[in-house]
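Hi,

Here is the structure I promised to pass on. Have a look at it first, and then read my notes below.

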Amino acid sequence: MTLIAAQGLGVSYGAMAALRDVDLVIEPGEIVTVVGPNGSGKSTLVRALLGVVRPSAGQVTRRAGLRIGYVPQRLAVDDRMPLSVRRFLSLPDRRDRDEMRAMLDKVGVPGLEDRQMTALSGGQFQRVLLARALLADPELLILDEATQGLDQPGTAAFYQLIEDVRRETGVAILMVSHDLHVVMSASDRVICLNGHVCCQGQPHVVTAAPEYRALFGLGTHGTMALYQHKHDHAHDACDHDHDHDHTPAHGTATQKDPAHAG
Amino acid sequence: MLDDFLVRAALAGLAVAVAAGPLGAFVVWRRMAYFGEATAHAAILGVALALGFQISLFGGTLAAALAMALTVTTLTGRGLAMDTALGVLAHGALAFGLVAVSFLPAVRVDLSAYLFGDILAVGRGELAVIWAGALAVLGLLLWRWSALLTVTVSEDLAKASGLEPGRERLALTVALALVVAVALQVVGALLIVAMLIIPAAAARPLARSPEAMALGATAIGALAALGGLWGSLVFDTPAGPSIVVAATVVFAASLLVPRRG
């Protein structure tokens, strides 16, 4: 029972094609990550899937009555409208007070109900957005660079939370990211996007693909590719588990690796 | 009681406050002031049509305002540079209306009544129409309230929640045209937008929720209507502008209040 599918999807802004020939299917319970550089059409893809922008080619099919939880990369809430967290969580559907309290606890920002949305920090704001998305009891959670503006520990905690939610509820997740570490650790499937789908498949397949290397294996991302290489190598050589704990910068970690030194 | 022209004037002013309060909040939140101007100015064209074709003033005004509001909404959907387009439409509509009225034969039309309102001349029948229109606006906004708020906060979030932003924009467009038709005789085409924006802006510092802001705008609008009417009697000033002056005084006072949310 496919949740959402795009077939031959193309989107143009005026004469400029932002997306072309995108095929994408999300099944219940899957985690799909879309990666791509800036301007590669990641957000356009999300907006087309939501139905905000109309496809100029192909089509998007949503399962009838599909409940989507959407966490945008940013939301411009300005000062003209007084809006508390509690009121925001009840848009558009009324939520029970206890339900809201429990959800704010769960996403790690307890007791913020009476705070105005404009008074939240970046991290609190993203967590409130996630809380609102989860209150809808979604079958598909769409996260569009949802950790933008969060620091490293904040990002890690945010993704840990997403994984917990998925384990508890089995919600399918479409994650848009340029954070390659997230691609490796959490996804069932990765789609590498640059106006069109460059390559897709399981994370280790995609990160080994030349198209992916061409997009990400340059400049500052080179360190990331090096780390990935080592990871793949270790994975092929001995079938060890995936419990890596590479929190320091991966490039330097690789260079200091005793296996390479010796 | 309705025989007293002052009572009728006060009730007409209250009707405008009831409709313009919550709608004005949306005008402020969505930056629709210029949109409102264009729609209100189109009412003068509606007056010319109504007088020329011998149809009801309310009907002519409503039709012209609705046509203008729908035109603007369509243009917005196409992503034109709205500031300039609205400027053209707002002033073009006003100028066309003024010229059209001057063509009307044999009637000495008192233009100032339409530009600045003629609240003291509101009759019983007109009062009934004004209240019916105001309650229709209020009903429409209450019915769509949650969806309208969501769309105003973010059209993308609204769409993800299964709402149709275009439909909610249409609801606001219709409400705006209705308020213009309702308020024409009370404050006049040139000052309708003032009754939308000023009470809502004055209510902002006092409010901690969208609902409180809308209610506050209604209360301040009502206060301004009654206060302005009283002022126009005491100082022998035109009623419509006096109501807007009263609203502006409340707004100035609200600047002194520290924000609650």
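Let me start with a contact between the chains: A:Asp79 and B:Arg204 meet through their side chains in a salt bridge, 3.5 Å from N to O. By salt bridge I mean a side-chain nitrogen of Lys or Arg within 4 Å of a carboxyl oxygen of Asp or Glu. B:Arg204 sits in the loop between helix 9 (192-203) and helix 10 of chain B, and A:Asp79 in the loop between strand 5 and helix 2 of chain A, so the pair joins two chains. Helices (H or I, at least four residues) and strands (E, at least two) are DSSP runs, numbered from the N terminus. B:Arg204 is buried at 5% relative accessible area, while A:Asp79 is partly exposed at 38%. The cut-offs there are under 20% for buried, over 50% for exposed and partly exposed in between, with a 1.4 Å probe and protein chains only.

Some housekeeping before the rest. This is a predicted model, in which local features need pLDDT of at least 70 and side-chain atom pairs count only at pLDDT 80 or more, while totals for chains, interfaces and linings use all residues. Residues are numbered from 1 along each chain as its sequence is written, chains are lettered from A and ligands numbered from 1 in the order in which they are written, and side-chain values use heavy atoms, with hydrogens and water left out.

Now the interface as a whole. Chain A puts 25 residues into the contact and chain B puts in 25 residues, where contact means heavy atoms within 4.5 Å. About 2,200 Å² is buried between chain A and chain B, and carbon and sulfur atoms give 57% of that. Buried area here is the accessible area (1.4 Å probe) that two parts lose on being put together, summed over both. A:Arg80, A:Met81 and A:Pro82 supply 31% of what chain A buries against chain B, more than any other three residues.

The rule finds four salt bridges across this interface, and nine residue pairs in polar contact (both at pLDDT 80 or more). On the chain A side, helix 1 (42-50), strand 5 (68-71) and helix 2 (85-89) each supply at least two residues that touch chain B. A polar contact is a pair of N or O atoms within 3.5 Å; within protein, one must be able to donate a hydrogen and the other to accept it, and residues adjacent in sequence count only if both atoms are side-chain atoms. There is also a salt-bridge network that links A:Asp78, A:Arg80 and B:Arg31.

Over all chains the structure holds 18 salt bridges. One of them pairs A:Glu145 with A:Lys42, with 3.6 Å between the closest N and O atoms. A:Glu145 lies in the loop between strand 6 (140-144) and helix 5 (152-169) of chain A and A:Lys42 in helix 1, so this bridge ties together parts that are 103 residues apart in sequence. A:Glu145 is buried at 8% relative accessible area, and A:Lys42 is buried too, at 6%.

Another salt bridge joins A:Glu168 and A:Lys106 at 2.9 Å, N to O. That pair links distant parts of the chain, with A:Glu168 in helix 5 and A:Lys106 in helix 3 (residues 97-106) of chain A, 62 residues apart. A:Glu168 is exposed at 55%, whereas A:Lys106 is partly exposed at 36%.

Most residues other than glycine have a negative phi, and most peptide bonds are trans. A:Glu145, not a glycine, has a positive phi of about 45°. B:Asp236 is not a glycine either and has a positive phi of about 55°; B:Asp236 is in the loop between helix 10 and helix 11 (239-254) of chain B and is exposed at 70% relative accessibility. The peptide bond between A:Leu91 and A:Pro92 is cis, with omega about -5°, and A:Pro92 is in the loop between helix 2 and helix 3 of chain A.

Last, a spot inside chain B. B:Thr73, in helix 3 (residues 57-77) of chain B, makes a side-chain polar contact with the side chain of B:Thr173 at 3.0 Å. Leaving aside neighbours within four places in sequence, B:Thr73 is in contact with B:Phe35 and B:Thr173.

Cheers
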